[in-house]
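Thanks for coming. I will show one model and talk through parts of it; please keep the structure open while I speak.

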Protein chains: 2
Amino acid sequence: MSATPSLDLPKYCQQTAEAAKAASYQLASLDTSVKNSWLIGSADALVAAAEQIMEANQRDLAAAPQYGLTSAAIDRLRLDTSRIGAIATGLREIAMLPDPVGEVLDGFTRPGGLQIQKKRVPLGVVFFIYESRPNVTADAAGICVKSGNAVILRGGKEAIHSSQAIVNILAETATQFGIPPTAVQLVGTTDRAAVGHFLGLHELIDVTIPRGGESLIRRVATEATMPVIKHYDGNCHVYVDEWADLSMAVDIIENSKCQRMGVCNACESLLIHAEVAEKVVPLISERLASHKVEIRADQRALAFLPDAVTATDEDWSAEYLGPTISLAIVDSVEQAAKHINQHGSHHTDAIITNNLRSANAFTTLVDSSAVMVNASTRFNDGGVFGLGAEIGISTDKFHARGPCGLRELTTYKYIVQGSGQIRQS
Amino acid sequence: MSATPSLDLPKYCQQTAEAAKAASYQLASLDTSVKNSWLIGSADALVAAAEQIMEANQRDLAAAPQYGLTSAAIDRLRLDTSRIGAIATGLREIAMLPDPVGEVLDGFTRPGGLQIQKKRVPLGVVFFIYESRPNVTADAAGICVKSGNAVILRGGKEAIHSSQAIVNILAETATQFGIPPTAVQLVGTTDRAAVGHFLGLHELIDVTIPRGGESLIRRVATEATMPVIKHYDGNCHVYVDEWADLSMAVDIIENSKCQRMGVCNACESLLIHAEVAEKVVPLISERLASHKVEIRADQRALAFLPDAVTATDEDWSAEYLGPTISLAIVDSVEQAAKHINQHGSHHTDAIITNNLRSANAFTTLVDSSAVMVNASTRFNDGGVFGLGAEIGISTDKFHARGPCGLRELTTYKYIVQGSGQIRQS
């Protein structure tokens, strides 16, 4: 389970990835009902093995102080029957989602009689790197296998015994349903060098998905030789238009910033149209003050916020993930969009307006994964969007943008059927 | 036009990319009719400026010997009124293709009343690196702008005067139609270091598309800090099944291998089912011999090809792009698929069979961008697939697979319309 001096790490990683690749070819042609039976069977098996999982979890909890976990982190690590029940429910929910594999995205017959289909197929092998939450282990495995992919799971070392217990049960259940048990593998060593080895195996691993702090994601993006779906934090904006319902604006700003400050779709910066600034800025300030949020304001906004801190250039791109927010005055929706495209992180941005032209200009010009009109930035989420389970929120534009569910773990292939056609020119 | 000692290269690249990014925000909201008017207007302007373009082309032709171009390469470089007419026709054809931008890919109303649309939008800025063919300059510019993207063109130095003349006309026409002229920019220096600078600008450039030799593509894939659509050559297979029409098999093999040997969808390897080997291998050998193609055969095939060269392990992954082909005997469609997935390049592979089970097994198991049943591998092509113009054929699975047309140069964003909704949990 943990690194042993005798482990040949490059060989171990190579063999793990080869096993995943071999499994992926079998997974690609599995009937949906088999995958769903595995999901539901795994849910039942996890509940039945709750004692065994909690025992493994005890070993993680006992080791937690040596990793210096905070009490909040230790709480997230703890499994009880209710939490194991929630993990099982998550798998049952994935079983209910439509299977993306096999969907015909396009199809036509060409002059000469070639029949062409563009068909959705799995990506192949997913290397998933994630934080120390044992529930994510089951969730990620469920999403990957349902979309026809094999997965190599690299969870945080603090949860390795819990994750291994869960993966053992998922793999045993797989065997029962004729699914290769190597469809779901947990990296069985906590050696950090293992990640580097996997990131070099682009012929075996089709995509890497890192979740965690920005430094981890940057390291993975730099080292990976295969595509990476990146999941950075967001510098999300709320823009209060000249034609906004100001009371709605204050409510949405409060919700976007304060409902959960540490998440990627929390608001970090406010842009206020000059025409309404005098009226709305004091209301916003008062509401945010009730949550102890400090405002860093530009020169023009300071006129309405005499006690606020002056914003520096760094504030416009800052992702505070805490009780601080920046605020600037703008003169038009175009100027707001320009500011957001320049300083934002292309994650989630909202406009508050009752004017259709402003709404259209904002949604067209702002280059972000989700653009909200009169709604909280907190709604950028796979569950809210009806995608069902998600494996992350992509901050890239390439391949997948925003919440990544089952479909985002697929690609397509062209299937061309002929009757002996050869090409003449 | 060419490198001058006084050029501040990093600054030049930064400014070029910034101008492209600024143009891309305008392009994203352009009406289709404006883009089409630009395409048709540019076609007319190119024809009208034929003399001027041919003059620039003369300068490239005069310099060709100093670059050591072959006579075939010099011929590809040469522009006359007929070729300029063909370039213009290419732009008019792009005008006739449907505009992918603005397509609503999905849309629904969620509980609570949020109205969500998933809408197709341009990627932003494309950095396109290509060989010395002036017609590609206009074609790539047309594809990028039609799909709402700004493009930075880095053509081969051997064609720089011709390309610059073409780009000048495209940019002048853009201004006439209210399109920013920096929507289409040619890198104005032949300094190789410019490519490296552009590859570092991931905040301004959304995707890089290199076309050319494998070493160029590998260099770009390694150095690029943004996503890359790779366009490697293909190690394409034809598998002759137990249930094949053998005469069709020989015709398709001849076409796949010999119609154009130097292209990425030419066949490089043959797999023959053991049951039909004795009958079909001599026929294939005879047909290929008429094109002077040498066969490298595995041990079992040598029984039917006494004079053939024995294949080495390297032959199974080789992309000859010339008059050589490898040939192996297999015992099942599954074994053929396994060989292809292990040694192939995931580009284009064909099965010849009249058996439905074999066809389904092959198309499901073979992990390639296009899988052909009873048709030549040469049909993997954007024009053949009805995509219209293509900017390359992706050998990746991520984002785009196979021919990359207008749609493959887009991404999507979620547009969420509410009426004051805030998130409760």
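I start with Cys144(A), which is found in helix H6 (residues 134–146) of chain A. Before going on, a word on what this is: a predicted model, in which local features need pLDDT of at least 70, side-chain atom pairs count only at pLDDT 80 or more, and totals for chains, interfaces and linings use all residues. Residues are numbered from 1 along each chain as its sequence is written, and chains are lettered from A and ligands numbered from 1 in the order in which they are written. Helices (H or I, at least four residues) and strands (E, at least two) are DSSP runs, numbered from the N terminus.

Is Cys144(A) buried or exposed? Cys144(A) is buried, because 27 other C-beta atoms lie within 10 Å. The cut-offs are these: buried means 20 or more other C-beta atoms within 10 Å of a residue's own, exposed means 12 or fewer, and partly exposed is in between, with C-beta atoms placed from the backbone. Apart from neighbours within four places in sequence, Cys144(A) is in contact with Val126(A), Asn149(A), Val151(A) and Leu409(A). Contact here means that the C-beta atoms of two residues, placed from the backbone, lie within 7 Å. Phe128(A) is 16 residues from Cys144(A) along the chain, and their C-alpha atoms are separated by 9.7 Å.

Now Glu18(A), in helix H1 (residues 9–27) of chain A. Glu18(A) has 15 C-beta neighbours inside 10 Å, so Glu18(A) counts as partly exposed. From Glu18(A) to Phe108(A) is 90 residues in sequence and 36 Å in space, C-alpha to C-alpha.

One more helix in this chain: H10(A), residues 246–258. Its 13 residues, at 1.5 Å a residue, should span 18 Å, and the end C-alpha atoms are 18 Å apart, which agrees. The expected span is 1.5 Å times one less than the number of residues. Buried residues in H10(A) include Met248(A), Ile252(A), Ile253(A) and Ser256(A).

Next, the sheets. How many strands form the open sheet that begins with S10(A)? There are 10, in the order S10(A)-S9(A)-S11(A)-S8(A)-S7(A)-S12(A)-S13(A)-S16(B)-S2(B)-S1(B), with mixed pairing. Its edge strands are S10 (309–310) of chain A and S1 (104–109) of chain B, each pairing on one side only. Two strands count as paired if DSSP finds at least two bridges between them. Where the chains join, strand S13 (residues 370–375) of chain A and S16(B) are parallel over five bridges, with Ala375(A) opposite Gln421(B).

Another open sheet of 10 strands reads S1(A)-S2(A)-S16(A)-S13(B)-S12(B)-S7(B)-S8(B)-S11(B)-S9(B)-S10(B), again with mixed pairing. S1 (104–109) of chain A and S10 (309–310) of chain B stand at the edges with a single partner strand each, so one side of each is left without a neighbour in the sheet. Helix H11 (residues 274–289) of chain B packs on this sheet, touching S7, S8, S9 and S11 of chain B, and its direction makes about 150 degrees with that of S8(B). For such angles, axes are lines fitted to C-alpha atoms, for helices over the stretch in contact, and the angles run from 0 to 180 degrees between N-to-C directions. Strand S12 (residues 348–352) of chain B runs parallel to S13(B) and is joined to it by four bridges; Thr348(B) stands opposite Ala370(B). S9(B) and S11(B) are also parallel, over four bridges, and Ala297(B) faces Leu327(B) across that pair.

Last, the interface. The contact takes 54 residues from chain A and 54 residues from chain B. On the chain B side, S16(B) gives the most, with 11 residues.

Chain B can be laid on chain A with an RMSD of 0.0 Å by a turn of 180 degrees and a shift of 0.0 Å along the axis. That is the relation of a two-fold axis. The superposition is by least squares on the C-alpha atoms of residues with pLDDT of at least 70 in both copies. Within chain B, His399(B) comes closest to the rotation axis, at 1.9 Å (C-alpha). Finally, 100% of the interface residues of chain B are also interface residues in chain A, so the copies meet through the same surface.
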